[in-house]
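Reader: I would like to go through this model with you, one topic at a time. Could we begin with the pockets and then turn to the surface and the charged pairs?

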Amino acid sequence: MYKFFENKRIKRVRSRTTPSIDYDVLIPDKRHDFDNNIDKIKSVGTRILLVLKEITTKENIDYFLFWGTLLGAVRHGGYIPWDDDIDIAMTRSDFIKLENHLHKLPDSIDVICMDYGFYKLMDKYSIVSKDGKRGIGVDIFIIEEQGHRYRFHNVHNYYFNYLSKEQLYPIKLLKFENQEFSAPNCPEEILTIKYGDFMKLPPIEKRVFPHLGANIIISDFPKT
């Protein structure tokens with residue numbers, strides 16, 4: 001029920017006004033530059049993150065590379081070679097600020113509430129998930145502010161995890177796919193909480209794309 005009403009509210013916010021900046025033109029989709037689906041997925045995901053970066057920078061909203069994307073930035077300088085989406089985190093107060101600017105996102109990107117504290121920015125012109133319902137996306141995890149510590153609901157294991165203010169701030173920049181994006185102040189500490197020895201590669205049999213289905217559909221981006 002929460003998801004239903006939250007998605008209705010998001011739809012209403014996005015219909016407020018026509019954006020003054022056409023991000024489909026400013027930050028063009030380049031999926032057509034690539035021949036294989038994995039490169040297309042990584043290109044589209046990075047492009048969605050660049051659109052988000054542009055809006056959050058203009059509106060003074062903070063975000064952080066998180067989970068597998070933070071690990072990819074630290075260990076690989078980009079996507080983990082066998083990863084297929086992008087993870088970021090935002091505090092609840094920053095996400096509330098972002099909601100006031102969701103109408104500025106291009107129509108090519110959907111905004112969907114997946115669960116409490118878990119949202120997706122999703123490409124409209126692809127289906128890549130195992131259930132055949134979701135396109136290429138950027139996952140947004142919400143961090144709740146509790147004084148000098150921060151709590152977030154881990155949607156993968158349903159536990160609560162905690163970070164200190166010093167682990168998140170001040171924000172630093174990390175390279176990801178030849179671009180710079182915002183990251184927590186202490187990425188190694190956060191990655192250790194999640195992965196333990198995060199620089200150690202998993203065994204070969206576990207280097208698999210976690211979300212991709214067998215029937216991937218990546219349509220051509222519509223001409224502007």
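Reader: What is the volume of the second largest pocket?

Author: The coordinates come from a predicted model, and the value that follows is computed from them. For the second largest pocket, the volume is about 310 Å³.

Reader: Which helix gives the largest share of the lining of the second largest pocket?

Author: The residues that line the second largest pocket include D39, K42, S43, T46, R47 and L50, together with others such as I27, P28, E177 and Q179. By class, this lining has four nonpolar, three polar and five charged residues. The largest share, six residues, comes from the helix spanning residues 37-58, namely helix α3.

Reader: Is M1 buried or exposed?

Author: The place of M1 is in the segment before α1 (2-14), and M1 forms a nonpolar patch on the surface with F4 and F5, the three having about 390 Å² of accessible area together. Because its relative accessibility is 71%, and the cut-off lies at over 50%, M1 counts as exposed.

Reader: Where is Y159 found, and what is the separation of its C-alpha atom from that of T192?

Author: Y159 is found in the loop between β7 (149-153) and β8 (160-164), and with a relative accessible area of 57% this residue is exposed. Y159 and T192 are 33 residues apart along the chain, and their C-alpha atoms are separated by 16 Å.

Reader: Which parts of the chain does the salt bridge between D24 and R47 link?

Author: D24 forms a salt bridge with R47, the closest N and O atoms being 2.5 Å apart. This pair links distant parts of the chain, 23 residues apart, with D24 in helix α2 (residues 23-26) and R47 in helix α3. Both D24 and R47 are buried.

Reader: How many salt bridges does the count come to?

Author: Side chains of opposite charge can pair when their charged atoms come close. With a nitrogen-to-oxygen cut-off of within 4 Å, the count comes to eleven salt bridges.

Methods:
Residues numbered from 1 in each chain as written. Predicted model: local features only at pLDDT ≥ 70, side-chain atom pairs only at ≥ 80, totals over all residues. Heavy atoms only, no water. 1 Å grid on protein atoms, 1.4 Å probe; cavity = no way out; pocket = protein on both sides within 12 Å on 5 of 7 lines; lining within 4 Å. Points joined across faces, edges and corners; volume = space filled by probe spheres on them. Helix = DSSP H or I, 4+ residues; strand = E, 2+ residues; numbered from the N terminus. Nonpolar A, V, L, I, M, F, W, Y, C, P; charged D, E, K, R; others polar. Patch = residues over 30% accessible without salt bridge, like charges linked within 9 Å, V, L, I, M, F, W, Y side chains within 5 Å. Areas by Shrake-Rupley, 256 points an atom, 1.4 Å probe, with all protein chains shown as cover. Salt bridge = Lys/Arg side-chain N within 4 Å of Asp/Glu carboxyl O. Buried < 20%, exposed > 50% of the residue type's maximum accessible area, 1.4 Å probe, protein only.
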